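Please keep the structure open while reading.

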Amino acid sequence: MSMTETIDIRQLTAEDYFDLKESMVSAYPDMAGSYWREPTLRRLVSLFPEGQIAVTVNGKVVGCALGIIVDYGKFGDDHTYEQITGYYTFNTHDPKGDMLYGIEVFVHPDYRGKRLARRLYDARKTLCERLNLRGIVAGGRIPNYEKYADNLSPREYIEKVQDKEIYDPTLTFQFSNDFLVKKILKNYLPHDEASKGFATLLQWYNIYYEKDADTVRYNKSTVRIGLVQWQMRDYRNLDGFLEQVEYFIDAVSDYGSDFVVFPELFNAPLMAEFNQLDPAGAIRGVARYTEQIRDEFVRYAVAYNVNVIGGSMPIVIDEQLYNICYLCRRDGTYDHYIKMHPTPSEVFAWGVKGGHELKVFDTDCGKIGIQICYDVEFPEPSRLLSEQGMQILFVPFLTDTQHAYNRVRFCAQARAIEMECYVAIAGCVGNLPKVNNMDLQYAQSAVLTPSDFAFPVTGIKADATPNTEMIVIADVDLVLLKELNAFGSVQTRKDQRRDLYEVKWKK
């Protein structure tokens with residue numbers, strides 16, 4: 001071999017057959033005569049050329065990864081190699097199927113140690129992602145099992161390989177490439193004496209798979225968020241307030257944003273109209289405007305083509321006072337979340353009750369959660385939202401001091417790390433000297449991220465100037481969350497010790 005080697009990954013062709021045969025015979029010395037015949041290989045290449053991947057060293061084919069696409073539901077997990085390949089006819093190949101089935105991977109033994117098999121696997125994963133298939137399935141040999149068959153069952157052997165107590169040249173490699181063992185197959189390859197006829201059914205999941213990728217409603221990868229850091233001031237009346245709301249929605253929409261986020265109780269300036277009442281009466285007075293404001297939010301969402309996270313507002317339901325946030329989608333639909341944890345001051349001054357529902361909301365930009373201010377200081381609801389697939393958590397807040405703000409900010413950052421999601425917080429600034437119980441506000445709105453290499457080292461995607469009326473625009477990439485969950489330096493969602501503890505919703 002030359003000192004300088006050129007390694008290439010490309011599609012296999014029928015003309016590569018004789019190099020391929022030599023490599024395969026050398027790769028399987030314990031399975032004499034087990035090599036692909038030329039007519040079989042030609043048929044496979046003609047059926048699905050892009051699924052047949054070769055690795056070359058200095059132009060010579062020294063290994064390959066062969067595969068077909070199957071409608072996996074027709075076979076299920078109980079099948080043999082002959083059944084899945086149509087008894088080597090490959091008439092089971094279905095271009096409209098949902099799984100890439102790996103029917104062969106090998107590298108000539110003289111070229112091992114160069115990570116060539118890993119390159120083949122990476123190329124196969126890339127193909128799976130590009131074709132938007134659910135994943136890769138393969139039956140894997142366990143060639144070292146014959147050395148342990150007298151003392152270990154196949155299951156025990158696989159567990160010891162997984163725990164790195166035993167090395168198996170095939171299975172150890174599969175584990176290192178993120179494949180999971182779904183089950184043990186009997187008589188998968190009956191002539192495989194080294195594996196005693198057993199095989200592992202392996203699966204790699206494509207985290208980028210989109211079931212509805214061909215439909216009009218397609219969840220975006222990059223989502224643009226606009227935060228409104230709202231100045232508390234005298235808006236004279238409801239019309240003046242709505243004029244300012246529309247101004248900000250228009251401004252954020254001009255940047256092509258997918259979401260615009262308002263703060264908690266940002267309509268509190270309207271309480272000035274009821275200042276002659278006690279605080280509880282004043283907050284109930286302004287609650288009369290809530291449904292009207294919601295209807296305007298719905299209209300603005302459609303008119304400006306942006307999903308509106310409507311901060312929060314007081315509302316009276318069955319004579320009880322709550323703190324409600326409306327999600328107004330740009331398709332004209334709306335939903336709501338009621339603050340679960342009123343602060344002690346909300347309870348004491350206004351008599352606010354806590355909500356009893358928690359759910360993830362579907363949008364055209366992924367799955368979102370909403371928590372209002374104090375809610376984010378309790379990690380359990382965020383974990384429940386995360387388990388429902390939440391990708392972005394929106395937190396409208398209202399804090400009077402920097403201490404109170406930091407409680408929200410630090411807890412929101414913790415939720416981003418723990419739940420591997422983005423957290424967008426939006427707050428009010430300024431003061432309301434004519435409104436009782438709403439004297440001062442402190443805020444620095446921000447979009448927060450998990451903490452790993454793909455994200456800002458500070459965990460801050462963007463933030464506002466403290467105590468200044470402004471908007472913040474930030475792009476977040478939802479694909480990075482999938483990659484973090486699957487390949488992150490740490491994986492806080494996956495590594496939770498569910499054998500020891502869990503969070504359950506009692507309702």
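This is a predicted model. R409 is buried, at 10% relative accessibility. The side chain of R409 meets that of D463 in a salt bridge, 3.9 Å from N to O. D463 sits in strand β21 (residues 460-463) and R409 in helix α12 (residues 402-419), so the pair ties together parts 54 residues apart in sequence. D463 counts as partly exposed, at 34% relative accessibility.

**Salt bridges**

The count of salt bridges comes to 27. Three of them are tabulated here.

| Salt bridge | N to O distance |
|---|---|
| D463 and R409 | 3.9 Å |
| E210 and K482 | 3.5 Å |
| K339 and E264 | 2.9 Å |

The side chains of E210 and K482 meet in a salt bridge. That pair links distant parts of the chain, 272 residues apart: E210 is in the loop between β7 and β8, and K482 is in helix α13 (residues 478-487). E210 is partly exposed, at 22% relative accessibility. K482 is partly exposed as well, at 24%.

The side chains of K339 and E264 form another salt bridge. Here the distant parts are 75 residues apart: K339 lies in the loop between β13 (334-338) and α10 (344-350), E264 in the loop between β9 (259-261) and α8 (279-286). Are K339 and E264 buried or exposed? Both K339 and E264 are buried.

A network of salt bridges links D258, R330 and D364.

**Domains**

The chain divides into domain 1 (7-205) and domain 2 (222-487). The C-alpha centres of domain 1 and domain 2 are 51 Å apart.

**Aromatic contacts**

How many aromatic pairs does a search of the whole structure find? The search finds 27 aromatic pairs. One of them joins Y145 and F198, edge-to-face, at 6.1 Å centre to centre with 90 degrees between the planes. Y145 is in the loop between β5 (135-140) and α5 (154-162), and F198 is in strand β7 (residues 198-205), so this pair ties together parts 53 residues apart in sequence. Y145 counts as buried, at 4% relative accessibility.

W230 and F241 form a further pair, with ring centres 5.6 Å apart and planes at 70 degrees; it is therefore edge-to-face. W230 belongs to strand β8 (residues 222-232) and F241 to helix α7 (residues 238-254), so the pair ties together parts 11 residues apart in sequence. W230 is buried at 0% relative accessibility. F241 is buried, also at 0%. Ring pairs link W230, Y235, F241, Y247, F248, F262, F266 and F297 into a cluster.

A charge also meets a ring. The charged end of R124 sits over the ring of Y121, 5.9 Å from the ring centre.

**Nonpolar cores**

The largest nonpolar core has 53 residues, of which I225, I309, I392, F394 and V423 touch the most other members. Leaving out residues up to four places away in sequence, the contacts of I309 include F259, V261, F262, Y326, I370 and F394. A second, separate core holds 46 residues, among them M232, A268, Y322 and V435.

**Backbone**

F90 has a positive phi, near 65 degrees, and is a residue other than glycine. F90 lies in the loop between α3 (81-84) and β4 (99-107). F90 is buried, with a relative accessible area of 1%. K196 likewise has a positive phi, near 55 degrees. K196 lies in the loop between β6 (180-186) and β7. K196 is partly exposed, with a relative accessible area of 45%.

Methods:
Residues numbered from 1 in each chain as written. Predicted model: local features only at pLDDT ≥ 70, side-chain atom pairs only at ≥ 80, totals over all residues. Heavy atoms only, no water. Domains from an automatic or database assignment. Phe/Tyr/Trp six-rings, centres within 6.5 Å; stacked < 30°, edge-to-face > 60°. Helix = DSSP H or I, 4+ residues; strand = E, 2+ residues; numbered from the N terminus. Buried < 20%, exposed > 50% of the residue type's maximum accessible area, 1.4 Å probe, protein only. Lys NZ or Arg CZ within 6 Å of the ring centre and 35° of its normal. Core = buried A, V, L, I, M, F, W, Y, C linked by side-chain atoms within 4.5 Å. Contact = heavy atoms within 4.5 Å. Salt bridge = Lys/Arg side-chain N within 4 Å of Asp/Glu carboxyl O.
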